[in-house]
Amino acid sequence: MTVATRAWVALIALSVASTGLAASGERGAGFVLVVLALAGLKARVILSAYLGLSAAPSWQRGFDLVLALLLVLFAGLALAAG
């Protein structure tokens, strides 16, 4: 199985998880945190596999840091608003 195929399968699985979570009707802080975590995982798969950052570890660490900071910021905003 190629890297692109594994990434595609991972994205499908994460999307199914997101859809299942949304269909569950749950809401609240926990819901937001799980949705953000799933979105972060999907972003990391795309950056690593499709944009080729796995071949440039220092760039990948930089993007991972920015992504993590954004997710923490969004989580903080969601918790403060709710």
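Please keep in mind that the model is predicted.

I'll start with the overall layout. The protein chain has three helices and zero strands, and along the sequence the pattern reads α-α-α. Taken along the principal axes, the C-alpha atoms fill a box of roughly 40 × 25 × 10 Å. There are 82 residues in the protein chain, and 17% of them count as buried. The exposed surface comes to about 5,400 Å², with carbon and sulfur atoms supplying 75% of it. On contacts, take those with a separation of 6 or more: residues 24 or more positions apart account for 58% of these.

Now the helix pairs. H1 covers residues 3-23 and H2 covers residues 29-50. Their axes are 10 Å apart, and the two helices pack at an angle of about 165°. Angles over 145 degrees count as roughly antiparallel, so that is the term for H1 and H2. The crossing of H1 past H2 is left-handed. From H1, the residues making this contact include Val3, Ala7, Trp8, Leu11, Leu14, Ser15, Ser18 and Leu21. From H2, they include Phe31, Val34, Val35, Leu38, Leu41, Lys42, Val45 and Tyr50. By class, the residues of the contact of H1 with H2 are 19 nonpolar, two polar and one charged.

The second pair is H2 with H3, where H3 is residues 57-81. The axes of H2 and H3 come within 10 Å and cross at roughly 165°. H2 and H3 are therefore roughly antiparallel as well. The crossing of H2 past H3 is right-handed. On the H2 side of the contact we have Ala29, Val32, Leu33, Leu36, Gly40, Ala43, Arg44, Leu47 and Ser48. Facing them in H3 are Gln60, Phe63, Asp64, Leu67, Leu71, Phe74, Ala75, Ala78 and Leu79. The residues of the contact of H2 with H3 divide into 13 nonpolar, three polar and two charged.

Is Phe31 buried or exposed? Its relative accessibility is 19%, and the cut-off for buried is under 20%, so Phe31 counts as buried. Leaving out residues up to four places away in sequence, Phe31 touches Leu21, Ala22 and Glu26. Phe74 is 43 residues from Phe31 along the chain, and the C-alpha atoms of the two are separated by 13 Å.

Ser48 also lies in helix H2, and it belongs to the contact with H3. Which residues does Ser48 contact, leaving aside its neighbours within four places in sequence? They are Leu53, Ser54 and Gln60. Gln60 is one of the H3 residues in the contact with H2. With a relative accessible area of 16%, Ser48 is buried.

Val66 has a relative accessibility of 47%, so it counts as partly exposed. Between Val66 and Gly76 there are 15 Å in space, C-alpha to C-alpha, and the two are ten residues apart in sequence.

To recap: three helices, with H1 and H2 roughly antiparallel and H2 and H3 roughly antiparallel. H1 passes H2 in a left-handed crossing, and H2 passes H3 in a right-handed one.

How values were computed
Residues numbered from 1 in each chain as written. Predicted model: local features only at pLDDT ≥ 70, side-chain atom pairs only at ≥ 80, totals over all residues. Heavy atoms only, no water. Axes fitted to C-alpha atoms, helices over the stretch in contact; angles between N-to-C directions. Helix = DSSP H or I, 4+ residues; strand = E, 2+ residues; numbered from the N terminus. Parallel < 35°, antiparallel > 145°, perpendicular 65-115°, else oblique. Left-handed = near helix turned anticlockwise from the far one by under 90°. Contact = heavy atoms within 4.5 Å. Nonpolar A, V, L, I, M, F, W, Y, C, P; charged D, E, K, R; others polar. Buried < 20%, exposed > 50% of the residue type's maximum accessible area, 1.4 Å probe, protein only. Areas by Shrake-Rupley, 256 points an atom, 1.4 Å probe, with all protein chains shown as cover.
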